[in-house]
Amino acid sequence: MVSEISPTYEVPLRIQFRFATRADLPLLEWYGQYTHFRNVYQRTFQEQSLGGRWMLVADLNGFPVGQLFVVPELSYYPDTGYFYSFRIMDHLQGLGIGTRLLNYAESLLWAEGIRGVIISAVKTNRRARELYERLGYHIMREDEGRWQYTNHLGQTVEVHEPCWILEKHLQ
Ligand SMILES: CC(C)(COP(=O)(O)OP(=O)(O)OC[C@H]1O[C@@H](n2cnc3c(N)ncnc32)[C@H](O)[C@@H]1OP(=O)(O)O)[C@@H](O)C(=O)NCCC(=O)NCCS
């Protein structure tokens, strides 16, 4: 009879928070899960090179397992940054990586003298909204959440995701 005991082995994970490099771009597609955002990633990286965006990643052994993009200062909302494209790879969610990635991004804004930040949460994503509220974000308003991007095949994709816009005053 084969033993029913499954051996286990605990692995310590060291996560580093940093800016994305060009080498991260194909890796950010997460083996096909986000191939459709290839152009978005390339364009955002170019904007980062010009100083208008930050592409922040949570790095595990050289692989970007988490991502958060930042508009450091909104043109229509002075002294306020905007967070978007926030995600952690499925199998690493719920381990505190997302919280620390947000903390890192907030600390970078603070160092730049930015004192406010905005993030949106799709209305159906209750857990994300609850996470933001636990971290001090407050609902400001609703938004239709209409935007579009060009996918890796050159097609325009229209997105409609009604969302909450949340705000936090950094301290
Ligand atoms: C939201 C997300 C970035 C948070 O990162 P994380 O490392 O999982 O978060 P942490 O471990 O620091 O915090 C855990 C909290 O995150 C939220 N969360 C966890 N898994 C989640 C998931 N699959 N979807 C949405 N929120 C999630 C919950 O509030 C959770 O707290 P709870 O376990 O008490 O419910 C991550 O879960 C994720 O990528 N989710 C899918 C994509 C997404 O929803 N992005 C946010 C768009 S607004």
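The chat below goes through the chain, its core, the ligand and one loop.

A: One thing to know at the start is that this is a predicted model.

Q: How many helices and strands does the protein chain have?
A: The protein chain has four helices and nine strands. Along the sequence they follow the pattern β-α-α-β-β-β-α-β-α-β-β-β-β.

Q: What box do the C-alpha atoms fill?
A: Taken along the principal axes, the box is roughly 70 × 40 × 30 Å.

Q: And what share of the residues counts as buried?
A: Of the 171 residues in the protein chain, 23% are counted as buried.

Q: Which residues have the most contacts inside the largest nonpolar core?
A: They are Leu56, Leu68, Val70, Phe83, Ala105 and Ile119, in a core of 24 residues. At least two residues of this core come from each of β2 (54–60), β3 (63–71), β4, α3, β5 and β9 (163–169).

Q: Which of those gives the largest share?
A: That is β2, with five residues.

Q: Back to Leu56. What is Leu56 in contact with, leaving aside neighbours within four places in sequence?
A: Its contacts are Phe17, Phe19, Leu68, Val70, Leu101, Tyr104 and Ala105.

Q: Changing topic: how many residues surround the ligand, and which are the closest?
A: There are 17 residues around the ligand, and Gln93, Gly98, Thr99, Arg127 and Leu131 are the closest.

Q: Which element gives the most to that shell?
A: α4 does, with four residues. Each of β4 (80–88), α3 (97–111), β5 (116–122) and α4 (126–134) supplies at least two residues.

Q: What is the shell like by class?
A: It has eight nonpolar residues, six polar and three charged.

Q: What about helix α2, how far apart are its end C-alpha atoms?
A: They are 17 Å apart. At 1.5 Å a residue, the twelve residues of α2 (residues 38–49) should span 16 Å, so the two values agree.

Q: What follows α2?
A: Gly51 follows α2, and the phi of Gly51 is positive, near 95°.

Q: And where is Gly52?
A: Gly52 is in the loop between α2 and β2.

Q: Why does Gly52 count as partly exposed?
A: Because Gly52 has 13 C-beta neighbours inside 10 Å. The cut-offs are 12 or fewer for exposed and 20 or more for buried, so a count in between is partly exposed.

Q: Last one: what separates the C-alpha atoms of Gly52 and Arg22?
A: The separation is 16 Å, for two residues that are 30 residues apart along the chain.

Notes
Residues are numbered from 1 along each chain as its sequence is written. This is a predicted model: local features need pLDDT of at least 70, side-chain atom pairs count only at pLDDT 80 or more; totals for chains, interfaces and linings use all residues. A residue is near a molecule or strand if its C-beta atom, placed from the backbone, lies within 6 Å of it. Ala, Val, Leu, Ile, Met, Phe, Trp, Tyr, Cys and Pro count as nonpolar, Asp, Glu, Lys and Arg as charged, and the others, Gly among them, as polar. The expected span of a helix is 1.5 Å times one less than its number of residues. A nonpolar core is a set of buried Ala, Val, Leu, Ile, Met, Phe, Trp, Tyr and Cys residues joined through C-beta atoms within 7 Å. Two residues are in contact if their C-beta atoms, placed from the backbone, lie within 7 Å.
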